[in-house]
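Please look through the model below with its metal site and its strands in mind. A short walk through both follows.

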Amino acid sequence: MQLIAVPDLPEIGAGDDLAELVEARIDLDPDDVVCVASTVVSKAEGRDASLSSFPAGPRAREIADRLAEIHGEEKDPRFAQVVLEESVELLMEAPFLLTETRFGHVCVNAGIDRSNTGEADLLLLPRAPSESAGRIRDGLEHRNPVVVTDTCGRPFRHGQRGVALGWAGMPASRDWRGERDREGRELGVTVENVIDELAAAANLVAGEGAGGTPVVVVRGFEFGELEGSDEHFRAVETDFVRQALRGWSYEGEVAR
Ligand code: GDP
Ligand code: MN
Ligand code: MN
């Protein structure tokens, strides 16, 4: 498998056609998977925003005051306001904002970026990343599979890595249940989240800084013969860690 960063992409702005920009810079094979950083999808979709458009309500002010106290620095209540507006559920409000976005992704600060935002203060995540992936795919000559990625933290481990926010043209996961291991034992639970794995690989090549490589082509990946499924974001009913959070609240100091 090869990972190829698409070279020489310009600064992306509202209305840009990402599929066209990619095809002008690389010859895609029909089986290539095109991984696109959400940051440029958001820019192309005009999801840049200004803090001044989000006057803070009482809830946002309360959240920002508490965060300011915990972290010992000023927190802009308008930022808490935009996070709330982008979210359908608040899972944690301290020591950071963990929410579910409108499209089902759980992450810190609703995935709103304050770096690589172009001229804007903020870059909101695409409204519906799988629809974004579908539109990009429709613009590609071979209608390649497309994965929209973001860099995201995770519980239990330090650091961030790439995850898939949306996808089109391939299943989200590969179902190993019913397959056999090397001793002939049947696998009972393994459903491999392929789009997250591809997103993590692509993110490794895309980088996080000023590199200018938001689109990474995965060449030579084979999904294989296993059944696929499109389950990606867990429903609350089967997410026991998330349910456990409902009975928890932050009471400590932040270790700095
Ligand atoms: P995110 O993970 O989707 O939030 O995106 P990042 O901010 O981590 O950026 C991923 C990659 O895309 C980095 O290599 C950035 O330098 C690059 N990038 C971000 N915006 C643009 C843009 O408008 N044009 C180009 N060419 N690269 C960009
Ligand atoms: Mn991001
Ligand atoms: Mn990133």
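This is a predicted model: local features need pLDDT of at least 70, side-chain atom pairs count only at pLDDT 80 or more; totals for chains, interfaces and linings use all residues.

Residues are numbered from 1 along each chain as its sequence is written, chains are lettered from A and ligands numbered from 1 in the order in which they are written, and side-chain values use heavy atoms, with hydrogens and water left out.

The manganese ion (ligand 2) has Asp113 (OD) and Asp150 (OD) as its protein donors, at 2.1 to 2.3 Å. Donors are N, O and S atoms within 2.8 Å of the metal (3.2 Å for Na, K and Ca); water is not among the atoms, so sites may look incomplete. Asp113 sits in the loop between strand S6 (106-108) and strand S7 (122-123), and Asp150 in strand S8 (residues 146-153), so the pair ties together parts 37 residues apart in sequence. Strands (E, at least two residues) are DSSP runs, numbered from the N terminus. Asp113 is partly exposed at 23% relative accessibility, while Asp150 is buried at 9%. Buried means under 20% relative accessible area, exposed over 50%, and partly exposed in between (1.4 Å probe, protein chains only). The manganese ion (ligand 3) is 5.2 Å from the manganese ion (ligand 2).

In strand S12 (residues 215-219), four of the five residues are buried. Strand S1 (residues 2-5) pairs with S12 in the antiparallel sense over four bridges; two strands pair if DSSP finds at least two bridges between them. Strand S2 (residues 33-37) also runs antiparallel to S12, joined by four bridges. Val216 in S12 stands opposite Ala5 and opposite Cys35.
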